[in-house]
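Keep the model open beside you as you read.

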Amino acid sequence: MLTNTPKLSVRKLSLFYGRQQALFNINMDIRKNEVMALIGPSGCGKSSFLRCLNRMNDTFDTVQVVGNVLLDGKDIYDKSVDVVQLRACVGMVFQRANPFPKSIYDNVAYGPRIHGIAKSSADLDAIVQSSLERAGLLREVHDRLHQLGTSLSGGQQQRLCIARAIAVNPEVILMDEPCSALDPIATARVEELIDELRERFTIVMVTHNLQQAARVSQRIAFFHSGELVEAGETGDVFTNPQDKRTQDYLTGRY
Amino acid sequence: MVKQISPSISTIFTPEGQSLEQKKRLRKRHRKEYAFKTFGRASVTLALGILFILLGAISLKGLPAFFVTEIKISVYFNPEHRLADPVKKYDAYQEMIAVSLSQKFTDKLSSEDKTALINLVSLGTLKTIHAMTSENPSLWGNRRELWVPVSNALSDYLKGKKNGKLTEKQKEWVQDFQSHHDLRTSFRTSFFTNSDSQEPELAGILGAVFGSIFTLMIALAIAFPIGTITAVYLEEFAPRSWWADLIEISLNNLAAVPSIVFGLLALSVFLLLFGLPRSASLVGGLTLALMMFPLMIIASREALKAVPKALREAAQGLGASRIQVVFHHVLPSAIPGIITGTIISIARAIGESAPLLLIGMVAFIPTVPESLMSPATVLPVQIYQWVEQPESGFIENSSAAILVLLLFLFILNFIAIYIRKHFEKQW
């Protein structure tokens with residue numbers, strides 16, 4: 001396995017909201033099939049950074065991004081890149097579960113439909129089934145696929161959103177505090193799920209929960225005031241932080 | 001040092017323990033709350049009272065228009081009166097009616113008495129007899145019993161209006177009719193099946209209702225698609241810039257422009273520039289469409305704005321293009337709001353008369369419009385025309401037409417509320 005080639009490499013990335021700079025010259029590599037956790041105090045720019053990785057920031061008129069983000073060595077900010085294709089490769093799961101106000105089936109089938117992934121309706125059925133299965137939701141909803149996705153519980157909704165994201169078969173999944181709105185049991189289920197998904201996908205995840213970062217991530221990156229302070233193996237950063245700010249944050253002095 | 005007032009737990013349960021100052025503050029707060037509640041209730045009562053008085057007054061005035069007093073006449077279709085001359089023909093019909101009415105009193109009538117008798121029945125009876133005889137010539141030489149509407153003057157007299165125009169002689173005849181049970185009151189279906197007429201007891205709203213429906217259909221067919229698409233473009237695709245703000249301000253101003261200004265615009269553009277026919281429902285619809293645009297665009301934009309950002313992000317995160325996000329997710333979620341806005345604009349357009357008067361919808365139109373280009377009138381204009389008439393029957397008719405218009409408005413508003421309640425819990 002080519003674990004040493006980075007799946008994503010970020011080079012000299014800066015981000016501006018209008019005239020205010022939110023990210024300063026970020027350099028980072030994210031390896032294939034690892035879970036990279038982004039931590040840091042509120043407003044440090046980790047969510048903004050995450051949204052640079054699939055160009056979700058493009059939807060705001062005032063945001064300007066400078067620098068490069070290479071996906072398998074190709075710049076996603078290149079003019080020739082189609083954002084729609086990019087987002088099919090780099091999926092996203094949001095902080096608050098946001099299923100479409102449609103049936104569970106249609107929620108999962110939406111991505112494959114717009115990208116023309118399924119050849120037949122039988123194919124589509126299979127994709128929906130396997131995505132729900134992989135998101136650990138199939139057993140709970142198999143007999144009510146045509147109920148509204150919004151009728152599920154919070155934890156189930158978030159796993160539905162994960163199923164919806166993996167149905168497109170992306171290479172990278174970005175998660176923006178996926179468990180912050182869930183209770184501890186639902187959180188544990190999603191964490192297990194993230195660990196399983198790592199076999200097939202590369203995952204970048206923002207979290208406020210340090211224990212969670214320790215449990216699920218292989219590597220960790222600490223952001224502070226728009227700068228990437230420190231990045232490394234999760235165990236190393238937790239036990240032996242190089243920077244004073246990282247140390248303060250991890251020991252709860254913020 | 002300032003003495004601090006802190007309400008301790010004990011004073012909550014035992015008001016006796018409260019200091020004078022605490023009691024004062026409490027009383028003041030309660031008084032304020034009471035005053036505000038009383039004021040609110042008074043305003044609601046006032047508003048309801050005014051509405052009640054308005055509806056009551058219109059109903060009292062309008063209800064008689066739904067009923068008609070009829071008189072029984074036994075017409076002998078005297079073959080001597082079978083004439084071809086159009087003027088003399090109607091004189092002959094009058095003669096026949098006068099004779100049939102007079103049978104109970106005398107056989108010899110002065111011409112004054114004849115006129116006095118004729119004036120008791122509606123002039124529409126002449127048309128009825130004409131229609132019967134031309135349809136069925138075998139009637140000539142036979143006798144038929146007919147119930148025909150009474151004239152406006154007799155109707156006023158029967159309703160007890162003091163300033164009646166009946167002579168003493170006429171009043172005697174009427175008493176005689178009453179004693180023979182030759183007068184009856186029944187529901188006037190002709191109010192719904194006839195169009196405008198010179199005789200209040202024959203005038204109906206069918207033509208105006210059809211005119212209103214044609215006009216609104218045209219207005220809706222133009223304003224709904226263009227208004228919605230404009231709103232979608234402005235809200236979802238147009239780049240934020242100073243001219244987008246300018247358009248927004250202009251739309252808000254346009255929504256507040258008096259409707260008669262749209263009438264002036266329609267007059268100079270549709271009639272004078274394009275040469276479209278006056279008084280046509282097509283032009284009426286175009287005029288109302290102009291008026292509905294800004295309202296619809298504003299309502300649709302509000303509905304689109306209310307769609308949560310999370311829904312857009314969810315679709316974008318899956319790689320949906322901008323158009324897909326809008327048409328697969330945002331628009332379906334906003335449709336209930338858009339429809340509600342549309343119904344409210346229709347409710348406004350349905351009651352409009354000023355702009356339509358300017359494009360010539362003031363003509364007397366006694367028929368149902370045949371096409372979109374033929375002269376038509378609409379309910380509010382019909383009401384306006386009837387109110388101007390001197391006969392009391394027309395005043396009743398206009399109040400009755402107002403009741404019908406209000407009924408339409410209530411139905412439309414009810415549909416709007418239903419749609420809002422039914423669809424709003426989507427997320």
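Before looking at any helix pair, one convention: axes are lines fitted to C-alpha atoms, for helices over the stretch in contact, and angles run from 0 to 180 degrees between N-to-C directions. Keep in mind, too, that this is a predicted model.

With that in hand, take α14 (residues 322–350) and α17 (residues 392–423) of chain B. Their axes come within 9 Å and cross at roughly 170 degrees. Angles over 145 degrees count as roughly antiparallel, and α14(B) and α17(B) are therefore roughly antiparallel to each other. On the α14(B) side, the residues making the contact include Pro336(B), Ile339(B), Ile343(B) and Ile350(B), while α17(B) brings, among others, Phe408(B), Leu412(B), Ile419(B) and Phe423(B). Sorted by class, this contact has 14 nonpolar, two polar and one charged residues.

Now for another pair in chain B, α3 (residues 86–102) and α4 (residues 111–118). Here the axes are 9 Å apart and the packing angle is about 90 degrees, which makes α3(B) roughly perpendicular to α4(B). Gln94(B), Ile97(B), Ala98(B), Leu101(B) and Ser102(B) of α3(B) meet Lys114(B), Leu117(B) and Ile118(B) of α4(B). That contact comes to five nonpolar, two polar and one charged residues.

Stepping back, chain B is assigned two domains, domain 1 (67–187) and domain 2 (206–423). Their centres, taken over C-alpha atoms, are 47 Å apart.

Next, have a look at α9 of chain B (residues 206–237). How far apart are its end C-alpha atoms? They are 45 Å apart, and because 32 residues at 1.5 Å a residue should span 46 Å, the two values agree. Still, α9(B) bends by about 25 degrees at Ala223(B), with a proline, Pro225(B), following within four residues.

Finally, the two chains touch each other. Chain A puts 20 residues into the contact and chain B puts in 17. On chain A's side, the elements giving two or more residues are α2 (83–89), β6 (90–93) and α3 (104–114). By class, that side has 10 nonpolar, six polar and four charged residues.

Methods: Residues are numbered from 1 along each chain as its sequence is written. Chains are lettered from A and ligands numbered from 1 in the order in which they are written. This is a predicted model: local features need pLDDT of at least 70, side-chain atom pairs count only at pLDDT 80 or more; totals for chains, interfaces and linings use all residues. Domain bounds come from an automatic or database domain assignment. The expected span of a helix is 1.5 Å times one less than its number of residues. The bend at a residue is the angle between axes fitted to the seven residues ending there and the seven starting there. Two residues are in contact if their C-beta atoms, placed from the backbone, lie within 7 Å. Ala, Val, Leu, Ile, Met, Phe, Trp, Tyr, Cys and Pro count as nonpolar, Asp, Glu, Lys and Arg as charged, and the others, Gly among them, as polar. Angles under 35 degrees count as roughly parallel, over 145 as roughly antiparallel, 65 to 115 as roughly perpendicular and the rest as oblique.
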